[in-house]
Amino acid sequence: MARFLRMTNKYFKTTRQLATLVATLLLGLGLSGCNELVQVQKSTDVYEKYSYAKKYYNTEKYSWAATLLEEVVPYLQGTADGEQALYLQAQTLYKLEDYASAQLVFQQYYTRYPNGEYAELARFYSGFGLAQNPPDPRLDQTQTYEAMKELQRFIDYYPQSERAQEAKLLIFDLQERLALKELYNIELYYNLGNYLFNNYESCIITARNAMKDYPYSIYLEDMHYYVVASLYEIARLSVEEKQQARLRDLRDEYYNYINEFPDGKHLEQVEQYFAYAEKHIVDGLLLD
């Protein structure tokens, strides 16, 4: 046992020494690279800095490349390297997943060089980057709208591009996020019920507007369901002189729902709403 323990201690001691050596070497390499970057930054030669920026980009040291490009791009504007440098800056920011900043630089590129070598790519990535990290549907959707606008502009400029179909699919995906945001608003109004005022009316208006705006959405049935459910609540809680008209509205909307979704996932529930309407409608009587 004592021999085993000595061998074990020797092994772990050797392992720790090896790990320390590797860590030291890696740290040394990192510091060496950082020292190189610092030295390059001290240079007054713009083209030397640009050369290193390209080197860092090609070796996937994007943060270093971005640091240098931020310094040199303004000085290269109007030179033979200005166009490429600006596009490289945009791509570097894109690689760093700083999509908002990348989009601004892509816009600068295609505005400054509308017929440039990278104009098509700049227009595509301007929207594509923003679409990679859209905000939560519950939050402000300014970025989503901006991404859709940029992608649509790309399609308008390059309808025959091999990336046009990808741009269209991205727009559809972003539209679904906007539709989901509307569904959250619809659900919120429905859940609030008659708190403070008649939120069921707001639910119906929001749902119907959303159904018009997103007629092919995967959330269309849910939107329509909340219209039926809200009409049921309005009819159920209605004063007597208005109830018959509201029950008929509920019945009409039930038929609209089953015509659109004969096998819908909410069918069982809307059947109950319909049964309630049929039970309480007085034939030939319409009070308002």
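Visitor: Where is Gln91 found?
Guide: In this predicted model, Gln91 is found in helix H4.

Visitor: Is Gln91 buried or exposed?
Guide: Gln91 is buried, because its relative accessible area is 7% and the cut-off for burial is under 20%.

Visitor: Which residues does it touch, apart from those close by in sequence?
Guide: Leaving out residues up to four places away in sequence, Gln91 touches Tyr57, Phe106 and Tyr125.

Visitor: How does H4 pack against H2?
Guide: Helix H2, residues 46–58, and helix H4, residues 82–95, pack at an angle of about 35°. Their axes are 11 Å apart, and the crossing of H2 and H4 is left-handed.

Visitor: Which residues make that contact?
Guide: H2 contributes Tyr50, Lys54 and Tyr57. From H4 come Gln84, Ala85, Leu88, Gln91, Thr92 and Lys95.

Visitor: Is Glu60 buried or exposed?
Guide: Glu60 counts as exposed, because its relative accessibility is 59% and the cut-off for exposure is over 50%.

Visitor: What about Glu97 and its phi?
Guide: Phi of Glu97 is near 65°, a positive value in a residue other than glycine. Glu97 is placed in the loop between H4 and helix H5 (99–112). At 58% relative accessibility, Glu97 counts as exposed.

Visitor: Changing topic: how many residues are in the largest nonpolar core?
Guide: The largest nonpolar core has 82 residues. Those with the most contacts inside it are Phe106, Tyr109, Met223 and Tyr273.

Visitor: Which helix supplies the largest share of this core?
Guide: Helix H10, residues 220–236, supplies the largest share of this core, 11 residues.

Visitor: What is Tyr109 in contact with?
Guide: Setting aside neighbours within four places in sequence, Tyr109 is in contact with Glu83, Leu86, Tyr87, Gly116, Glu117, Tyr118, Ala119 and Ala122.

Visitor: Back to H10: how many of its residues are buried?
Guide: H10 is mostly covered, with 16 of its 17 residues buried. From its first C-alpha to its last, H10 reaches 25 Å, close to the 24 Å expected at 1.5 Å a residue.

Visitor: And where does Leu237 lie?
Guide: Leu237 lies in the loop between H10 and helix H11, the latter being residues 240–260. Leu237 counts as partly exposed, at 42% relative accessibility.

Visitor: Which residues is Leu237 in contact with, beyond its sequence neighbours?
Guide: Beyond neighbours within four places in sequence, Leu237 is in contact with Asn194 and Tyr200. Leu237 and Asn194 are 43 residues apart in sequence, and their C-alpha atoms are 9.7 Å apart in space.

Visitor: How far does H11 reach?
Guide: H11 has 21 residues and reaches 31 Å from its first C-alpha to its last, close to the 30 Å expected at 1.5 Å a residue.

Visitor: Which residues in H11 are buried?
Guide: The buried residues in H11 are Gln243, Gln244, Ala245, Leu247, Arg248, Leu250, Glu253, Tyr254 and Tyr257.

Visitor: What covers them?
Guide: The cover over the buried residues of H11 includes helix H9 (199–213), H10 and H12.

Visitor: Where is Glu271 found, then?
Guide: Glu271 is found in helix H12, residues 267–280. At 33% relative accessibility, Glu271 counts as partly exposed. Glu271 and Tyr254 are 17 residues apart in sequence and 7.9 Å apart in space, C-alpha to C-alpha.

Visitor: Finally, how many helices and strands are in the chain?
Guide: The chain has 12 helices and zero strands. Buried residues make up 43% of its 288 residues. Among contacts between residues at least 6 apart in sequence, 59% join residues at least 24 apart.

How values were computed
Residues are numbered from 1 along each chain as its sequence is written. This is a predicted model: local features need pLDDT of at least 70, side-chain atom pairs count only at pLDDT 80 or more; totals for chains, interfaces and linings use all residues. Side-chain values use heavy atoms; hydrogens and water are left out. A nonpolar core is a set of buried Ala, Val, Leu, Ile, Met, Phe, Trp, Tyr and Cys residues joined through side-chain atoms within 4.5 Å. Buried means under 20% relative accessible area, exposed over 50%, partly exposed in between (1.4 Å probe, protein chains only). Helices (H or I, at least four residues) and strands (E, at least two) are DSSP runs, numbered from the N terminus. Contact means heavy atoms within 4.5 Å. Axes are lines fitted to C-alpha atoms, for helices over the stretch in contact, and angles run from 0 to 180 degrees between N-to-C directions. A crossing is left-handed if the near helix is turned anticlockwise from the far one by less than a right angle, and right-handed if clockwise. The expected span of a helix is 1.5 Å times one less than its number of residues.
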